[in-house]
Amino acid sequence: FIPNDVCMEASGYIESGDFVSYKGLLTDNMMCAMDKDGLEVVDEDTCQGDSGSPMIITGDGDTQVGVVSWGIGCVSSTFPGVYARVSSQYEWIRMGVCQHSLSPPASFNCDDLDTSNTTGAQYYPLEDEDQSKSFVTLEVSLDTKPEDFSWALTNLETGKVISSIPPMFYHGFANHTFRHKVGVEPDQFFKISLRDKNGDGSRGYAAIYRGGAPILSNLIMYDNVFRGDGTEGLTTKDHAFYVGTEPPKNYLSLVIKFDKFPSDTWWKLESITDGVILGQRPPKFYNEPFELLTIVEKIPIFAATTQRTYQFTIGDEYPCEDNPNNVCGDGMCCNYGQGSFTLYAGDVEAGILLATGGEFMLSESVLITPPVSSS
């Protein structure tokens, strides 16, 4: 461990010949570390591809103190590695674990946690100090025919088009990725319409994140646009999502108990009424740390003043051993663990069960009709 005031003095010339200094680059949310093992030569370090990995103090009960973030070069004797400081975000981590885990660690003292003033701001972040506007980031990855792709973002409550990109806008930007930051009104549902002009498929993707940056933990929507079986001739795909200062009144709670291969699991919820997708997680969204864990995903749904039916689909997929171009699946249970899913209306504690399962091969679909709201 290297104190920040010492780490900020790190400076020197790098391979390009440029002079680089850490001064002014470190904040209290960061910490530095360098492994010299008592020698002057650094023999271990993190490098490209390690971002997000934990820095742990080992002993009687390992303690995570940092998360790999950035640095200048690898195994440098001049520039220490820089890590996110876990202690500076402890209350945020504690809040997230206590609200979303079915079995939070006793050390978090979740029973003593007051969530009355933090639930909304924590999970539906705003960026304006006056709390009047939210932001979402639309990330668009284009294929070899970018001129065919367009999109429109609409407020579902007012019918107003918030932002849009017409066909030909991306002309000349084959295989490029664009990120559009869009201001939206809080506490409302929105629809993103993705369009392929000629309906001949795409190899790109579109994703929406809460806030002004593409942070995976804030992912709202992801779609391999117009890719796969059944997409030929398809020109429009619609997704709905909610952004607000507080969680919506109507939502589903999806409890997922993973097997030993969480990256194989994917799911999708769509409205039978209009085909709008209200929530989904693609394959590989859940990575190795989710192995054998149980989590709760909350999925906002439209206000149920009349009965509305949804289709929930959950799947398991990985490349087949005999032909990696084909997709195989063995479900969530029971070859590699007792995986399962359970879907509730509202909070899990309310006990309004809509569907449960896990023993399938490639996928399982169920139709659900949440209770009608009283108001």
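**Note on a cavity lining and aromatic contacts**

1. In the lining of the second largest cavity, six residues are nonpolar and three are polar, while no charged residue takes part. The model is a predicted one, and the points below should be read with that in mind.

2. The residues that line this second largest cavity are Ile-220, Met-221, His-239, Ala-240, Phe-241, Ile-277, Leu-278, Gly-279 and Gln-280. The space inside the second largest cavity comes to about 40 Å³, and the structure as a whole holds three cavities of 30 Å³ or more.

3. At least two lining residues of the second largest cavity come from each of strand 13, strand 14 (236-243) and strand 17 (277-281). Among the contributors, strand 17 gives the most, with four residues.

4. Turning to the rings, the count of aromatic pairs comes to 19. One of them joins Tyr-205 and Tyr-222, whose ring centres are 5.3 Å apart and whose planes meet at 25 degrees, so this pair is stacked. The pair links distant parts of the chain, since Tyr-205 belongs to strand 12 (residues 205-210) and Tyr-222 to strand 13 (residues 219-223), 17 residues apart. Tyr-205 has a relative accessible area of 21% and is therefore partly exposed.

5. A single aromatic cluster is formed by Phe-149, Phe-169, Tyr-170, Phe-173 and Phe-178.

6. A charge also meets a ring in this model: Lys-181 places its charged end over the ring of Phe-135, at 4.5 Å from the ring centre.

Methods:
Residues are numbered from 1 along each chain as its sequence is written. This is a predicted model: local features need pLDDT of at least 70, side-chain atom pairs count only at pLDDT 80 or more; totals for chains, interfaces and linings use all residues. Side-chain values use heavy atoms; hydrogens and water are left out. Rings of Phe, Tyr and Trp (its six-membered ring) pair if their centres lie within 6.5 Å; planes under 30 degrees apart count as stacked, over 60 as edge-to-face and the rest as tilted. Buried means under 20% relative accessible area, exposed over 50%, partly exposed in between (1.4 Å probe, protein chains only). A charge sits over a ring if NZ of Lys or CZ of Arg is within 6 Å of the ring centre and within 35 degrees of the ring normal. On a 1 Å grid over the protein atoms alone, a cavity is a set of points where a 1.4 Å probe fits but cannot get out, and a pocket is an open set with protein on both sides within 12 Å along at least five of seven lines; lining residues have an atom within 4 Å of a point. Grid points are joined across faces, edges and corners, and a volume is the space filled by probe spheres set on the points. Ala, Val, Leu, Ile, Met, Phe, Trp, Tyr, Cys and Pro count as nonpolar, Asp, Glu, Lys and Arg as charged, and the others, Gly among them, as polar.
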